[in-house]
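Here's a quick tour of the pockets in this model, plus a look at one of its strands. Have the structure open as you read.

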Amino acid sequence: MSTTQYLIEAQTRHQIQVQRLGGGVIKDVMPILEQMRADIVSRLATATEWQTGRLFTLLGEIDGIIATANDQLQAQLALELEEFAAYEAEFQARMLGAAVSVETVLPATAQLAAAVTTAPAQLVSGQNVIRLTIPDMVNKFTDAKRREVRDAISAGFIEGQTNQQIATSIRRKLGTRATNELRATVRTATNHAASVARQSVFAANADIIESLRRVGTLDNRTTIQCAANDGRLYPVDTQDLPPYHYGCRTTMVPIVAEQYRIPGLEGERPAIGSDGVEQVSSRMTYSGFLRKQSREFQDDVLGPERAKLFRDGKLTLDKFVDDEGRTLTLSQLRAREGITI
């Protein structure tokens, strides 16, 4: 298992770099949101005489501003993430190559670039499971902002608000919350691009890989969904890949077939627990990590009721989610597991 330990350490450390790269992409796309907000407010400043016909004209012009921002966001993400995916594939091939006794294969760059924008991610959002490509993620964000802005303008028209009052409302709607939503969208898109690149490398080297291991992040920000499935094994050709939700940080690690493993490799896994930053065995799963943490830490991750069930040994982490990765409500747990909460 030493080769696996090495790959887990290398992959989890690299995943931190992927998250940092996502932060850099966010900095590059955030001016587009800021410009969209400024253009909408500027257009409102020139609106006069709130009449129905002019309102429809104004809404159409606002739609055009948001459509332009949508196109710019998609173009910027495509530019950066296709380039990143090529780098990510090279890294994955090098990482795998350092752990096996044979040469590894790198997928074709053109095919990888196409897959980044066309391959859908399967995300759990609340109680829904949705399939979105990276362009779909951008469309989902800008469509929501378009509805919010249109609603604010229409409501202001009906209520007789001034342009300044409506502009203030729009600044608020396109402020902190929109910024956070765009951050989550970009981070998810970045992790999806990384996942597509990883899977392309794993598929190209399927003859030396026997399975994939799902590896989450050992800290208190990991969702129940990803905590419950940490350590789970998948076939090499699985389509059940990260990201699993918005802001997901989970990754996949290849399990090399026995005959191709290089002996003597070791590895650890970074973690942030009750006592701060530490290094733990790469064999440790999120469940084992969580059991060593304080009651407060466990409550923060699972919620008090689920944490008590976990501490008391009544339920293991995998029982808190359904087959689609959706977190079960307490009522669903009662009915499904036949326990008293």
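Which residues lie nearest the centre of the second largest pocket?

## Second largest pocket

They are Ala119, Pro120, His192, Gln239 and Leu241, out of 17 lining residues. A pocket here is an open set of points on a 1 Å grid over the protein atoms alone, where a 1.4 Å probe fits and protein lies on both sides within 12 Å along at least five of seven lines; lining residues have an atom within 4 Å of a point. β1 (121-125) and α6 each give two or more residues to this lining, with α6 supplying the largest share, six residues.

By class, you get nine nonpolar, six polar and two charged residues. The volume is about 320 Å³.

## Largest pocket

This one comes in at about 550 Å³. It has 27 lining residues, and Gln19, Thr217, Asp219, Arg221 and Arg249 are the closest to its centre.

## Strand β6

β6 pairs with β7 (residues 276-281), antiparallel, through six bridges (DSSP needs at least two for a pair). A two-residue hairpin joins them. Arg269 has Val280 as its bridge partner in β7, and Arg269 sits on the covered face of β6 with Ala271 and Gly273.

## Ground rules

The model is predicted, so local features need pLDDT of at least 70 and side-chain atom pairs 80 or more, while totals for chains, interfaces and linings use all residues. Residues are numbered from 1 along each chain, and side-chain values use heavy atoms, without hydrogens or water.

Definitions and conventions: Points joined across faces, edges and corners; volume = space filled by probe spheres on them. Helix = DSSP H or I, 4+ residues; strand = E, 2+ residues; numbered from the N terminus. Nonpolar A, V, L, I, M, F, W, Y, C, P; charged D, E, K, R; others polar. Buried < 20%, exposed > 50% of the residue type's maximum accessible area, 1.4 Å probe, protein only.
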